[in-house]
Amino acid sequence: MQLSMFFQHLANAVSLGSLYALVAIGYTMVYGILRLINFAHGDLLMVAAYIVYYGRGMFHLPWPVSIVLAVALTSGTGIIVERAAYRPLRNSPRTTILISAIGVSFLVENLGLVVFGGRPQSFPLPAMFDSGSAKEIAGVRVENITFVIPAVTLLLLLALLHIVHRTKVGMAMRAVARDFDTAGLMGIDVNRIIAVTFAIGSALAAVGGIMWAMKFPQINPLMGMMPGMKCFIAAVFGGIGNILGAVIGGFLLGVAEIMIVAFLPSISGYRDAFAFVILIGTLLLRPTGLLGEKVAEKV
Amino acid sequence: MLEIIDLHVSYGAIRAVQGISLKVPDGKIIALIGTNGAGKSTTLRTISGLLKPEAGRILLDGEDITGLPAKDIVKRGISMVPEGRHVFPDLTVYENLMLGAYIRTNRQEVEAQLEEVYNLFPRLRERKSQLAGTLSGGEQQMLALGRALMADPKVLLMDEPSLGLAPVLVQEIFSLIKRIHEQGKTLLLIEQNARAALTLAHYAYVLETGRIVMEGTGAELLVNDDVRRIYLGEGEIAV
């Protein structure tokens, strides 16, 4: 393989890995605080992509407005899902709330089919990202979006780590993740902190969904399913509940996928299956994931 | 003054507290003693808002605070040191203390309070950047006390502050509790260590299966024959 080819694959790998990382963070944040796999999380990618699609196509909103609107509304969707489908079940057995999450996922996907129609739509691209924008660097043809995705992901990750570790609300999130009752004794509004967690995770998923649609500009109501599953796997692989774990897991999964396609073209058709091999391997060999601590039962 | 009137609390079919009334006057130390399952912890957890009572009223300075959630109780000036300490193990000592002051917004007051807590517990100052989970049991108890003080409460509820500590540390914790009281706090205290609790308390209530069976000043109860036999382990064992 030529060196330039290798760099092309590497650029793609980094960008796909960043996307996975961004969405995996949402899974891990919600798990950290509620011990719940929020299966509806992946579908938020689709919600955000369609909001931008309609914002641009139907309402002719400027790009920044469509994007901000999509992030805000998707964030709101996450809050509503928690309020309607998870909070009433907070004291139910873990399985009940898990089934509720699966139900919400189906609901969102099928609502998407009903409202948006099942036909794939081509996602509009801003001029800076359209196919003519690709640049040749040292013989490697790379589209702008390939650079933008890792940069945006890195910025959002730094912002998130700042919130979680350096602000009062982040401190409250870490306290609630550990112990609802004691957090309440501190005067923390546990419900509000959980809502904030969903809002942040969903906003990250929205940004992920918009960038996903820019990288693969065909959108349909089920577009969130496979990325959702993979990012969930990335979060488990990295050590669910751990933000850096999710980032590393997402990154490694993206890189591994692209490398399989690059180096083993004969099995590249199994690309999607690879994630599940990782999931099974993780659960068998290291259920706590790369950075996960021992899963402490909540008291 | 904190006043509990005819409090009833159940866990499903189990009636843990069946009509408890007690008073915690300002500036006093009040102790609840009794065996496991007598309803002491349930009473404290209900006052702090973690449990909802079935019936009865909880008044703070005449104001009805019955059934308020924990986050609002602490805003009214009642802080709890939970049984088993429950510090946040993956947060630093400093962060744990700042969580204690979560409801306070005046930065300078919080800094001053932090200074007071560090003076009361110099070991917390030494270990302020350490994760709370790496502290010893005694240090975690100090952290739990310090964290509750950070809210600058009027009334401090303490659920078994000496539980699981080495005897020398029990001494230390009790002298710290005394100092906290001397700084003007009102205390409602549960203790397995009945002798220490009664020595410290101005007034105490003895609980049995969810009811108050005896009450009196600490000094009175210390010399009471029943109390001595059952809770202080003195005298003959009834056959």
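Reader: Which residue of β10(B) does V206(B) stand opposite?

Author: The model is a predicted one. In it, strand β9 of chain B covers residues 203-208 and is joined to β10(B) by six bridges, the two strands running antiparallel. Within this pairing, the residue of β10(B) that stands opposite V206(B) is M214(B).

Reader: Which residue of β10(B) stands opposite E208(B)?

Author: β9(B) and β10(B) form a hairpin with two residues between them. One residue in the turn, T209(B), has a positive phi of about 35°. The residue opposite E208(B) in β10(B) is R211(B).

Reader: In what order do the six strands of the open sheet in chain B lie?

Author: The edge strands, each pairing on one side only, are β6 (78-81) and β10 (211-217) of chain B. Neighbouring strands of the sheet are turned against each other by 15° on average, direction ignored. The pairing is mixed, and the order in chain B is β6-β7-β8-β3-β9-β10.

Reader: Which residue of β9(B) is the bridge partner of G34(B)?

Author: Strand β3 of chain B spans residues 29-34 and runs parallel to β9(B), with five bridges joining the two. In β9(B), the bridge partner of G34(B) is L207(B).

Reader: How many of the six residues of β9(B) are buried?

Author: β9(B) is joined to β3(B) by five bridges and to β10(B) by six. A residue counts as buried if 20 or more other C-beta atoms lie within 10 Å of its own. β9(B) is largely enclosed by the rest of the structure, because the number of its six residues that are buried is five.

Reader: Which residue of β7(B) is the bridge partner of V81(B)?

Author: β6(B) and β7(B) pair in the parallel sense over four bridges. Both faces of β6(B) are covered, with I78(B) and M80(B) buried on one side and S79(B) and V81(B) buried on the other. The bridge partner of V81(B) in β7(B) is M158(B).

Reader: At about what angle does helix α6(B) run to β6(B)?

Author: Helix α6 of chain B comprises residues 137-149. The helix lies across β6 and β7 (155-159) of chain B, and its angle to β6(B) is about 170°.

Reader: Is F121(B) buried or exposed?

Author: F121(B) is found in the loop between α4 (107-120) and α5 (122-126) of chain B. Leaving aside residues up to four places away in sequence, F121(B) touches M142(B) and G146(B). The C-alpha atoms of F121(B) and G146(B) are separated by 7.6 Å, although the two residues are 25 apart along the chain. Because F121(B) has 21 C-beta neighbours inside 10 Å, this residue counts as buried.

Reader: How are α9(A) and α10(A) oriented to each other, roughly parallel or oblique?

Author: Helix α9 (residues 225-238) and helix α10 (residues 243-263) of chain A have axes that come within 7 Å and cross at roughly 120°. The crossing is right-handed. Among the residues that make the contact are C231(A) and F237(A) of α9(A) and V247(A) and L253(A) of α10(A). Angles of 65 to 115 degrees count as roughly perpendicular, and α9(A) and α10(A) are therefore oblique.

Reader: Which element gives the most residues to the side of chain A that touches chain B?

Author: The contact takes 14 residues from chain A and 20 residues from chain B. By class, the side of chain A has six nonpolar, three polar and five charged residues. The elements that give two or more residues to this side are α6 (168-178) and α7 (180-185) of chain A. With five residues, the element that gives the most is α6(A).

Notes
Residues are numbered from 1 along each chain as its sequence is written. Chains are lettered from A and ligands numbered from 1 in the order in which they are written. This is a predicted model: local features need pLDDT of at least 70, side-chain atom pairs count only at pLDDT 80 or more; totals for chains, interfaces and linings use all residues. Two strands pair if DSSP finds at least two bridges between them. Axes are lines fitted to C-alpha atoms, for helices over the stretch in contact, and angles run from 0 to 180 degrees between N-to-C directions. Two residues are in contact if their C-beta atoms, placed from the backbone, lie within 7 Å. Angles under 35 degrees count as roughly parallel, over 145 as roughly antiparallel, 65 to 115 as roughly perpendicular and the rest as oblique. A crossing is left-handed if the near helix is turned anticlockwise from the far one by less than a right angle, and right-handed if clockwise. Ala, Val, Leu, Ile, Met, Phe, Trp, Tyr, Cys and Pro count as nonpolar, Asp, Glu, Lys and Arg as charged, and the others, Gly among them, as polar. A residue is buried if 20 or more other C-beta atoms lie within 10 Å of its own, exposed if 12 or fewer, and partly exposed in between; C-beta atoms are placed from the backbone.
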